[in-house]
Amino acid sequence: MTDPAVLTPPGLPILDAAAWIGHACWTELRLHAALTEWLRVEADPEAVAVFWTERSDAAERAEAWHRRLPELREHPKASFVEASSEEVAGVLNDLVAITGPTATAARRGALAAVLRGLRLGYHTRLEIMVGPADFPAATSLNEALRSTFGEGGGEPDPAWTAAVTAAGGLP
């Protein structure tokens with residue numbers, strides 16, 4: 001007697017998958033908060049337009065991730081929405097702190113680096129998703145990948161790219 005072939009391998013355990021989605025939600029919410037702070041002080045009309053667009057995109061991605069969190073009685077959705085690590089929290093907290101009125105170029109470079117980090121993290125996650133159970137999250141990932149290609153209207157700042165890498169990547 002032969003063993004039946006497994007056509008579709010199982011995905012990650014639900015709590016592991018939910019934790020990653022919660023990390024993505026937290027990261028997008030924190031990016032939204034940073035962009036909100038930047039819009040308070042930004043004077044360059046072109047940068048304001050970029051930040052508004054990216055802020056809207058971050059809000060949509062956060063909402064999509066929140067919708068993908070499982071409804072588990074033992075684990076409320078809010079319990080999953082947290083930073084993936086202290087290092088990632090530090091990077092996003094530093095992002096919020098770029099509020100100098102003349103720091104437009106620094107903000108745009110940091111935003112481009114963070115969007116690049118999100119795109120790389122989302123792409124990596126997409127590669128490990130399998131099967132029908134992962135299909136809804138994979139759909140959100142594909143949408144998130146498309147919406148992070150804005151680059152924040154600038155080139156990624158090398159220091160911010162290094163900070164994202166040192167934090168272990170995003171989300």
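The structure holds five salt bridges, a salt bridge being a side-chain nitrogen of Lys or Arg within 4 Å of a carboxyl oxygen of Asp or Glu. Before we look at some of them, please note that this is a predicted model, in which local features need pLDDT of at least 70, side-chain atom pairs count only at pLDDT 80 or more, and totals for chains, interfaces and linings use all residues. Residues are numbered from 1 along each chain as its sequence is written, and side-chain values use heavy atoms, with hydrogens and water left out.

Let us start with E28 and R61, whose side chains meet in a salt bridge at 2.6 Å, N to O. E28 lies in helix α1 and R61 in helix α2, so the pair ties together parts that are 33 residues apart in sequence. Helices here are DSSP runs (H or I, at least four residues), numbered from the N terminus. E28 is buried, with a relative accessible area of 0%, and R61 is buried at 4%; buried means under 20% relative accessible area, exposed over 50%, and partly exposed in between (1.4 Å probe, protein chains only).

Next comes R107, which forms a salt bridge with E42, the closest N and O atoms being 2.7 Å apart. R107 lies in helix α4 and E42 in the loop between α1 and α2, so this pair ties together parts that are 65 residues apart in sequence. R107 is buried, with a relative accessible area of 0%, and E42 is buried at 9%.

The side chains of E63 and R67 also meet in a salt bridge, at 3.8 Å, N to O. Both residues lie in helix α2, four residues apart, about one turn of the helix, and E63 counts as partly exposed at 48% relative accessibility.

Now turn to the largest nonpolar core, which has 43 residues; L31, W65, L95 and Y122 have the most contacts inside it. Such a core is a set of buried Ala, Val, Leu, Ile, Met, Phe, Trp, Tyr and Cys residues joined through side-chain atoms within 4.5 Å. Its contributors of at least two residues each are α1, α2 (45–68), α3 (86–96), α4, α5 (135–147) and α6, and α1 supplies the largest share, eleven residues. Leaving aside neighbours within four places in sequence, L31 is in contact (heavy atoms within 4.5 Å) with A58, R61, L92, L95, L111, V114, L115 and L118. Here we meet R61 again, the salt-bridge partner of E28.
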